[in-house]
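Here is a friendly briefing on a few residues and charged pairs worth a look in your viewer. Keep the structure open as you read.

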Amino acid sequence: MKDVSVKAKAKLGKLLDDYLLERTINENDLARKISYLKKNYEFLDENDNKLVIEEKLYNHFYKQEKSIEFFLRGLEKKFYQLYFSIYKIYLIQEIITSILNKSLEDNYKYFINSPFFEGMELLPNFSLNDFVNSIKDNHIKRVLEPFLNENMDQDELIFLSSNALIKLYYRALLKISEKFPNSEYKHINKYLAEEINLLNFEMLYRLKSFFEINNNEVFNYLIEGGYLFNAERLREISNLNKEEFIEYFSDGRYKNIFEDENLVYKRIQDKRWKNSRDEIINDNCDILYVVSAINLLYLDIKNIVSILEMDEKYDYNQKRELLIGR
């Protein structure tokens, strides 16, 4: 496993260093930005438009993730594959949203060209029923089937079906983590627990901001297993209104997440970045080191995509503020 950690560490050399980051965010011309980024991503072309560049970057990430998977064996490989199955879940969420928004035909080529589309079926005229019934993973299909019969608001359907998929994902990860030796399990469990905390906080914020759901129902959409946030504590904060909820987190380790409502999602991503960075620094567990390295690669690509969107309408401080983990 150590040799795989070394391979993962080598991939971290592709992260944007401070010099390259500064040059890129200070440049507004897209072609010049690409010329700087080609130092790390030689496959980019100054003549590509933003959508093509984004597609190339995410295809590159997929190849990096798969190249590490190739060298893993046994339980570590199963955990790794399950952990990064989240990108297929994200794609399923996007497809459901597109179907319900009646924009599937417009986005069809984007979906089928995604590297994470492998093993899936989709046609431009698919209904939600068609798509769910086409899913080969029986666990995912069973989670989504109840939503086919739900008479609910479209936004709620999108949100709650996504929530159900994420709950399925983390329950499976927590279950497989129990198979590791105790010395590794405690680190894996704590790592996943921090991710669960952040998802629960984001879920609570969104539910209290955009949906009219009573407090008893709110608790049902949360994931148990978060670090220091057991069922009793989750139920306690579920019963708070939005103002009380934000006040609850005005102190302590999560205090900055809700300071600016325009940056809540970004602050949560910052915490995820820190969770992975800390694991790289501490090197507690080989499989976590590998997972964290790939996570940092993904977040770095998300930063690059953001940088490509930034032009003269953003000043320097705004650009820096929007970058994850910077």
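A residue is called buried when its relative accessible area is under 20%, exposed when it is over 50%, and partly exposed in between. Asn189 has 24% relative accessibility, so Asn189 counts as partly exposed. Please keep in mind that this is a predicted model. A search of the whole structure finds 17 salt bridges, and some of them are described below.

**Two residues in their surroundings**

- Asn189 sits in helix H11, which covers residues 182-210.
- The C-alpha atom of Asn189 is 6.9 Å from that of Leu174, although 15 residues separate the two along the chain.
- Glu27 is found in the loop that runs between helix H2 (18-25) and helix H3 (30-37).
- With a relative accessibility of 14%, under the 20% limit, Glu27 counts as buried.
- Leaving aside residues up to four places away in sequence, Glu27 touches Arg32, Lys33, Tyr36 and Lys319.

**Salt bridges within a helix**

- Side chains of opposite charge can pair when their charged atoms come close.
- Glu69 and Lys66 form a salt bridge in which the closest N and O atoms are 3.1 Å apart.
- Both Glu69 and Lys66 belong to helix H4 (residues 50-69), where they are 3 residues apart, about one turn of the helix.
- Glu69 is buried because its relative accessible area is 11%, whereas Lys66, at 33% relative accessibility, counts as partly exposed.
- Lys274 and Asp278 also meet through their side chains in a salt bridge, with an N to O distance of 2.7 Å.
- Helix H15 (residues 264-282) holds both Lys274 and Asp278, which are 4 residues apart, about one turn of the helix.
- Lys274 has a relative accessible area of 37% and is therefore partly exposed; Asp278 is partly exposed too, with a value of 22%.

**Another pair, and a network**

- Asp311 is buried, with a relative accessible area of 18%, while Lys313 counts as exposed at 64% relative accessibility.
- Elsewhere, salt bridges that share partners link Lys266, Arg267, Asp270 and Glu321 into one network.

Methods
Residues numbered from 1 in each chain as written. Predicted model: local features only at pLDDT ≥ 70, side-chain atom pairs only at ≥ 80, totals over all residues. Heavy atoms only, no water. Helix = DSSP H or I, 4+ residues; strand = E, 2+ residues; numbered from the N terminus. Buried < 20%, exposed > 50% of the residue type's maximum accessible area, 1.4 Å probe, protein only. Contact = heavy atoms within 4.5 Å. Salt bridge = Lys/Arg side-chain N within 4 Å of Asp/Glu carboxyl O.
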